[in-house]
Amino acid sequence: MDYSALLAAGEHALSLWPLLSLLAGVTLGLVVGSIPGLNDTITLAVLVPITFAMPSDVAFPLLVGVYCAACFGGAFPAILLKIPGTASSVLTAVDGHAMVKQGLAGRALGIATYSSCFAGTLSALVLVFFAPLLAQYALKFGPAEYFSLCVLGLSTVVGMGSGNVMKCAFSCLLGLLVAMVGLSPESGYPRFTFDNFWLLEGLPLTPILIGLFGLSVVIEMLCRDAGATAEAEVEHRTPIRFRDMLLPWSLVRRLMPTWLSASALGNVIGILPGAGMLVAIYMAYERVRRRFGERCGQGLPEGIAAPEAANNSVVASSMVPLLSLGIPGNSTSALFLGALLIQGLRPGPSLFNDSPDVAWLIVICFVFANLVMFPLGLLLARFVPNLIRAIPQPLLAAAIAGLCFTGAFAIGNSVFGIVVALVFGVVGFVFNRMQVPLSPFILALVLAPVVERAFFQSMALSGGSPLYFVTQPLSAAMLTFTALFLLWPLFKRHFFKSRRSLAAD
Amino acid sequence: MTYRLTRLSLHTRLPLALMAATLAAPLYAADYPSQNIDYIVPFDAGGAVDFTGRLIAEAAPDVFDGHQFIVKNMPGGGAVIGQTYVSKAPADGYTLLAMTSSVINNALTKEVSYDLDSFTPLALYNLDPGVVVTAADSELTDLQSFLDAASNGDVSIATPGNSTSHHITAVSLAQQNDLGFRYVHNASAAMQLQQLMGGHVQAGFMSLGEAVGPAEDGSIRILAVMDSQRSDLAPDVPTWQELTGEEVQWGTFRGIAAPADLPEDVKVALEERLGQLLTSPAFIERMNEAGYQVNYRDGDAFREYLDSTADKMEQVLPTLDTAS
């Protein structure tokens with residue numbers, strides 16, 4: 001490890017222009033992250049060609065800033081309006097908005113800020129020190145392992161939605177069914193497309209999210225009766241002060257174990273291309289649910305801390321395969337690949353030898369971006385909610401609808417996105433009314449293509465033998481965990497019953 | 001008399017019009033371009049087509065009288081959505097398509113409303129020949145050992161997806177040489193690389209541009225390039241033909257097309273300006289820096305290339321359904 005290069009890069013990053021561009025990047029990231037439909041990928045796609053003209057020590061701080069902050073920015077609308085700004089804040093909305101309803105908006109935003117920055121910094125440090133090691137581990141994940149990881153991820157839905165297993169299973173299966181639409185990854189055969197080419201590649205994820213979370217809230221606002229308006233009045237009366245957002249030491253100590261376990265999950269699972277981000281936040285949340293049971297989903301601090309810590313860990317760790325192996329882990333790091341190439345650099349094992357200054361600068365920017373995010377995040381949290389509250393409900397509903405439609409259109413430059421968003425807006429509204437949790441639906445929707453592809457790949461490799469999944473050690477281990485996850489409630493009941501009967505004797 | 005007058009007035013008007021045109025852009029149709037041009041990328045942001053498209057957009061205002069190329073991503077349906085959109089767009093030169101081999105695949109394998117004749121090819125700017133790769137620590141160290149292994153039984157190969165041109169290449173080669181492949185379909189070159197480097201599959205079919213970097217790092221080995229001659233990007237890699245004597249040319253390409261029935265003056269203007277842009281030293285330097293070669297061909301040469309590729313694919317496709 002070349003500490004002098006690291007120190008030099010740190011010093012370089014703190015000089016005027018790199019620091020200014022990092023600040024600009026983080027600010028921009030917070031803004032686009034908090035607008036549903038805009039995300040880091042779109043922003044980077046627009047920015048990368050512009051970075052041509054910039055020296056590398058201005059270009060990379062900017063891009064890293066956007067990437068880190070967009071993920072965190074998604075938490076703001078998730079908490080305040082129950083509309084996740086990005087897919088990564090889907091679960092933050094659950095407990096976050098519940099806290100807002102209890103008049104604890106400041107506290108909720110504070111927890112999100114603390115969690116994001118703490119976990120983000122931690123995983124940036126992991127990126128600094130352990131990137132090559134983690135990259136080698138990521139390579140061990142083949143088709144069988146991906147399959148088992150997805151099965152493990154899907155098994156977490158059992159506990160969602162305050163324990164109503166039937167409703168969760170329904171939501172999850174519906175998600176899998178919707179994911180069926182489109183070309184089969186194995187045979188290329190079109191499924192449920194009705195000869196409509198818009199459906200060939202399946203329903204687009206972002207408009208679905210915008211509909212389920214954004215438009216459903218708008219419909220909800222329109223249906224709100226007088227009683228609910230009174231409830232909204234209560235929220236209005238509590239402007240947020242900085243004081244509310246700073247967490248007392250006792251709470252920090254209480255959340256520390258959640259932060260650590262969630263960022264460990266984020267670091268380990270997040271480096272896996274494709275499945276990483278969502279599986280990490282769902283598993284982190286599942287851990288919290290196991291610990292707190294019923295209280296989860298009703299404004300539990302850990303319910304915000306776990307997903308926010310996990311998703312910000314994934315941001316830095318998704319750079320591991322790119323910087324160490326030259327393989328982009330997701331579409332955003334593919335854009336980073338483009339940005340590196342433009343600057344005449346090629347990511348991969350040789351990057352740190354050939355151009356250590358830029359390589360270390362990028363890595364160190366991840367650390368600084370997360371640190372800068374803290375004050376900027378608090379500043380935003382101080383003013384934006386008060387601004388939102390100043391807007392009358394009908395206007396706010398109209399503004400959200402406008403943003404939702406713009407985002408749904410922008411993602412594919414087509415009206416089809418708006419149609420999808422509208423349909424799923426109604427679906428989301430009905431789900432909410434029936435108290436069917438939306439999160440199993442999202443997880444199933446995202447994991448279905450991954451699990452299906454992994455299944456067929458495994459079958460191609462094994463010559464059609466399902467035993468393949470248990471003969472691969474890593475995969476077998478994850479399947480065992482899944483079985484334990486699913487059967488634990490049965491064991492637990494049996495265990496407690498025998499203890500109780502023992503006590504009775 | 002009237003006739004003379006009209007001629008005279010034309011004589012006085014023409015130089016004026018020409019002068020105006022000279023100021024704007026010499027030798028081109030006077031009224032094109034008069035507004036920004038939509039450049040439709042039928043894929044998500046971040047891929048090679050999107051990326052090179054944005055390089056073109058960056059250089060466009062200099063050549064198009066200050067008018068911009070607006071890059072619009074229209075992903076979906078394996079590029080069908082963006083391609084359909086352009087095929088149905090007005091043929092006025094203000095909607096262009098980032099044209100790739102998927103236009104041919106889609107027209108042949110899917111129920112789409114367009115074919116090659118629905119487009120006016122304007123320029124080809126990048127050719128990326130196909131390659132066969134194995135992991136660096138694989139026992140398949142050269143093409144011969146790869147062919148031996150594949151003819152004895154089955155070699156697992158990673159493709160970037162069903163019915164992609166790389167999958168079709170593999171099917172075609174297997175058919176011609178009686179090879180046995182187990183197809184592991186992925187969704188991107190990145191996933192192929194990960195499976196190769198992790199030792200989950202034995203070999204892969206991908207584009208040279210995607211393989212050069214990892215090969216230089218020593219994590220994968222390129223066995224052969226499927227082109228008529230060696231590439232400047234990897235001069236040490238032999239061609240398939242050198243090693244087997246069999247002429248094999250497969251690859252992906254990136255070009256620019258407009259809807260069919262483009263007015264002749266607009267077509268000429270577009271071809272000339274795009275030619276000027278794509279061969280400018282500044283653009284070529286940008287492309288090279290980013291790891292892409294510029295292989296410029298004008299509209300007619302591009303059309304020829306498209307037709308010959310379509311012919312080759314049509315020969316293989318009937319076998320695709322059974323070979324997946």
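Which hand does the crossing of α6(A) and α15(A) have, left or right? I looked it up, and the crossing is left-handed. (A crossing is left-handed if the near helix is turned anticlockwise from the far one by less than a right angle, and right-handed if clockwise.)

**Ground rules**

I'm working with a predicted model, where local features need pLDDT of at least 70, side-chain atom pairs count only at pLDDT 80 or more, and totals for chains, interfaces and linings use all residues. Residues are numbered from 1 along each chain as its sequence is written, chains are lettered from A and ligands numbered from 1 in the order in which they are written, and side-chain values use heavy atoms, with hydrogens and water left out.

**Entry 1: back to α6(A) and α15(A)**

I noted that helix α6 covers residues 92-101 of chain A and helix α15 covers residues 301-317 of chain A. (Helices, H or I with at least four residues, and strands, E with at least two, are DSSP runs numbered from the N terminus.) Their axes come within 8 Å and cross at roughly 145°. (Axes are lines fitted to C-alpha atoms, for helices over the stretch in contact, and angles run from 0 to 180 degrees between N-to-C directions.) On the α6(A) side, I listed T92(A), D95(A), G96(A) and M99(A) as making the contact, and on the α15(A) side G303(A), I304(A), P307(A) and E308(A). (Contact means heavy atoms within 4.5 Å.) Sorting this contact by class, I got 3 nonpolar, 3 polar and 2 charged residues. (Ala, Val, Leu, Ile, Met, Phe, Trp, Tyr, Cys and Pro count as nonpolar, Asp, Glu, Lys and Arg as charged, and the others, Gly among them, as polar.)

I stayed on α15 of chain A for N312(A), which lies in that helix. Is N312(A) buried or exposed? N312(A) counts as buried because its relative accessibility is 2%. (Buried means under 20% relative accessible area, exposed over 50%, partly exposed in between, with a 1.4 Å probe and protein chains only.) Leaving aside neighbours within four places in sequence, N312(A) touches C68(A), C71(A), F72(A), S116(A), G120(A), S123(A), N370(A) and M373(A).

**Entry 2: α1(A) on α19(A)**

Next I checked helix α1 (residues 3-13) of chain A against helix α19 (residues 356-390) of chain A, and they pack at an angle of about 65° with axes 8 Å apart. Here α1(A) passes α19(A) in a right-handed crossing. The α1(A) residues in the contact are A5(A), L6(A), A9(A), G10(A), H12(A) and A13(A), and they meet D357(A), W360(A), L361(A), I364(A) and F368(A) of α19(A). I noted 8 nonpolar, 2 polar and 1 charged among the residues of this contact. I also jotted down a reminder: an α-helix has 3.6 residues a turn, so residues three or four places apart point the same way.

**Entry 3: a covered helix**

How many of the 11 residues of α3(A) are buried? Helix α3 (residues 40-50) of chain A is mostly covered, with 8 of them buried. Among them are L44(A), A45(A), L47(A) and V48(A). The cover includes α2 (16-34), α4 (56-73) and α17 (331-342) of chain A, together with α2 (48-63) of chain B.

**Entry 4: chain B and where it meets chain A**

I found 13 helices and 10 strands in chain B. Of its 324 residues, 56% are buried. Where the two chains meet, 43 residues of chain B are in contact with 46 residues of chain A. Together the chains bury about 3,600 Å², 61% of it on carbon and sulfur atoms. (Buried area is the accessible area, with a 1.4 Å probe, that two parts lose on being put together, summed over both.) In chain B, Q194(B), H200(B) and D217(B) lose the most area to chain A, together 17% of what that side buries.

A cis peptide bond joins Y32(B) and P33(B), with omega about -5°. I placed P33(B) in the loop between α1 and β1 of chain B. N36(B) is found in that loop, between α1 (2-24) and β1 (37-41) of chain B. N36(B) is partly exposed, with a relative accessible area of 35%.

Then I looked at positive phi values. F192(A) has one of about 50° although it is not a glycine, and F192(A) lies in the loop between β2 (190-191) and α10 (205-223) of chain A. D65(B), also not a glycine, has phi near 55°. I found D65(B) in the loop between α2 and β2 (69-73) of chain B.
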